[in-house]
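Trainee: Could we go through this model together, with a careful look at how charged side chains pair up?

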Amino acid sequence: MEIHIIVGLSLTLIILLFAIWMERKDMRVLQTETSQRVDSQVKALQAEISRLEGVRRALAKGNQLDGKISVSYRKSPPELFQSNLYWRELSEWLREEKQWTCERCNICLKDRKYDLHVHHIFGRGFNSPQHLKVLCIECHAEEPHHAFMKAYPEYKAFLEWKKGRRRRHV
């Protein structure tokens, strides 16, 4: 009877060892596949960064891009992907370039910078300066799919400020 128990335990131990060995083998294969996938994604991102750097350099120089009209800026745009604050830096730079003035209604908001927004003309996937517009909060709320902004307290406060400003100038 003792021999049966020993044989049973031995077989159980062999099966467990085999299962552990197979699981480790599967993990190694999975790690290799994941590593290869990550490597290819990193290469793709590096290529995209390189492409965007070329676009940034061309914009900074005011060169012509793909037959489009050239644009020159007083100061060059912020470096791409140098920090996670890129959007904040880019929008600040663009508003400075436009001298804190709304591109649609020409109101100068140098003293109310928080009411001057940067609008993505073609959606948030397009973050290059030629795809952005500097707008006051009122004009920004008039853009397609932006009516929700009219419910913001900031929007209402801006309209009140603008109404008071008009009364003083009349």
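Mentor: Let us begin with Glu 142, which at 46% relative accessibility counts as partly exposed, because that class lies between buried, under 20% relative accessible area, and exposed, over 50%, with a 1.4 Å probe and protein chains only. The model is predicted, so local features need pLDDT of at least 70 and side-chain atom pairs count only at pLDDT 80 or more, while totals for chains, interfaces and linings use all residues. Residues are numbered from 1 along each chain as its sequence is written, and side-chain values use heavy atoms, leaving out hydrogens and water.

Trainee: Which residue forms a salt bridge with Glu 142?

Mentor: A salt bridge is a side-chain nitrogen of Lys or Arg within 4 Å of a carboxyl oxygen of Asp or Glu. For Glu 142 the closest N and O atoms of the pair are 3.1 Å apart, and the partner is Lys 150.

Trainee: Is Lys 150 buried, exposed or partly exposed?

Mentor: The relative accessibility of Lys 150 is 33%. That value puts Lys 150 in the class partly exposed.

Trainee: With which residue does Glu 143 form a salt bridge?

Mentor: Glu 143 counts as buried because its relative accessibility is 10%, whereas Arg 104, at 42%, counts as partly exposed. The closest N and O atoms are 2.2 Å apart in the salt bridge that Glu 143 forms with Arg 104.

Trainee: How many salt bridges does a search of the whole structure find?

Mentor: Some of them join into a network, which links Arg 104, Lys 133 and Glu 143. For the whole structure, the search gives a total of 7.
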